[in-house]
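I would like to walk through one structure slowly, with the cut-offs stated as we go.

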Amino acid sequence: MTFRLTCLAAALALALGSGVGAQGLRLSMPPDPESSAISVVTDRGLTRTTQLPTSALRAARRAMNRGARLDTATLRALADRGDGLAAWRLTKRLQAMGNDATPSDVAHYAAIAAGQGRVYALDDMIVAMRRLAPVGEPAARLDRLVRVLYAHAWAGNALALDAVIEFNGEGRLLGALSDATRDRIMAQAATMDGRVELGLALNLLARAAPTPDEVAQARRYLARAAQSRKLAVMTTAQNVIALLDARTAQATAAEN
């Protein structure tokens, strides 16, 4: 017996108040604020104005640090040279442009800002990553996204850890979930009280045709999540188990 994305994942999305996209299902419940505030520096970037190559850029950076509003081209020039503040301001500028800005640019500049310790840019990076095609992102940009995302996840940032689970899988942005990555994810599970197991279960169930073994593994994850002391995790896991049971009963009745 197999479960199809069009029926199971869509039903799960409806039940969870979430969406089904190129990256699969994701948890709709926000992580703990304390965990989301965990920040990691992966790239110090530009640390001194004197590192800039031209007097015009040096003057622009000084003006920006005094609060001046720079034009988009100058912000981009500073961000491309590793200025985290310019990257953050450019991220917000690009977001305000809507469809005139590419998700690749938003994710890239948010990653520069987040990688320099501006953890508030992490959410912007992840949201933009959800709009990236599973293939075709420039390797250098994808490498930066992975460095920033994984560093925060392994440090205990639940927002990043949720995204690692969400973006790993066949046909998704970061590809199939490796054993090494799964082991690192599970190493964080003890501090998340069922959240990790719930995310891993959704990751499996969002596949186009999860195998019986994958459904069984998802059920094991859900059983752990259903024991969580966190009400949202516990009730969500219980609801997904109930939905799986109902789908199984329907499939069995149809076969008979």
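Let me begin with a question: what pattern does the chain follow, read along the sequence? The pattern is α-α-α-α-α-α-α-α-α-α-α-α-α, that is, 13 helices and zero strands, where helices (H or I, at least four residues) and strands (E, at least two) are DSSP runs numbered from the N terminus.

Some notes on provenance before the details. This is a predicted model, in which local features need pLDDT of at least 70 and side-chain atom pairs count only at pLDDT 80 or more, while totals for chains, interfaces and linings use all residues. Residues are numbered from 1 along each chain as its sequence is written, and side-chain values use heavy atoms, with hydrogens and water left out.

On the overall totals, 50% of the 256 residues of the chain count as buried, where buried means under 20% relative accessible area, exposed means over 50%, and partly exposed lies in between, with a 1.4 Å probe and protein chains only. The chain exposes about 12100 Å², of which carbon and sulfur atoms supply 53%; these areas come from the Shrake-Rupley method with a 1.4 Å probe, and for residues only the protein chains shown count as cover. If we take contacts (heavy atoms within 4.5 Å) between residues at least 6 apart in sequence, 61% of them join residues at least 24 apart.

Now to helix 5 and what surrounds it. Helix 5 has 13 residues and reaches 19 Å from its first C-alpha to its last, close to the 18 Å expected at 1.5 Å a residue, the expected span being 1.5 Å times one less than the number of residues. The buried residues of helix 5, among them L85, W88 and R93, pack against helix 3 (55-65), helix 4 (72-80), helix 6 and helix 7.

How many of the residues of helix 6 are buried? The count is 13 of the 13, so helix 6 is largely enclosed by the rest of the structure. Just after helix 6, G117 takes a positive phi of about 100 degrees.

The structure holds two aromatic pairs, and here the rule is that rings of Phe, Tyr and Trp (its six-membered ring) pair if their centres lie within 6.5 Å, with planes under 30 degrees apart counted as stacked, over 60 as edge-to-face and the rest as tilted. The rings of W88 and Y120 have centres 4.9 Å apart and planes at 65 degrees, so this pair is edge-to-face. Because W88 lies in helix 5 and Y120 in the loop between helix 6 and helix 7 (122-129), the pair ties together parts that are 32 residues apart in sequence. W88 counts as buried at 17% relative accessibility, whereas Y120, at 46%, counts as partly exposed. Y150 and W154 also form an edge-to-face pair, at 5.4 Å centre to centre and 85 degrees between the planes; they are four residues apart in helix 8, and therefore separated by about one helical turn, and both are buried.

Staying in helix 8, R141 makes side-chain polar contacts with the side chains of S104, at 2.9 Å, and D105, at 2.8 Å. A polar contact is a pair of N or O atoms within 3.5 Å; within protein, one must be able to donate a hydrogen and the other to accept it, and residues adjacent in sequence count only if both atoms are side-chain atoms.

Where does N157 lie? N157 is in the loop between helix 8 (139-154) and helix 9 (158-167), and N157 is buried, with a relative accessible area of 0%. A polar atom of the N157 side chain lies 3.1 Å from the backbone nitrogen of A160.

I will end with the largest nonpolar core, of 69 residues, in which M125, M129, L149 and I185 touch the most other members; such a core is a set of buried Ala, Val, Leu, Ile, Met, Phe, Trp, Tyr and Cys residues joined through side-chain atoms within 4.5 Å. Leaving aside neighbours within four places in sequence, L149 is in contact with residues including M125, M129, F167 and L174.
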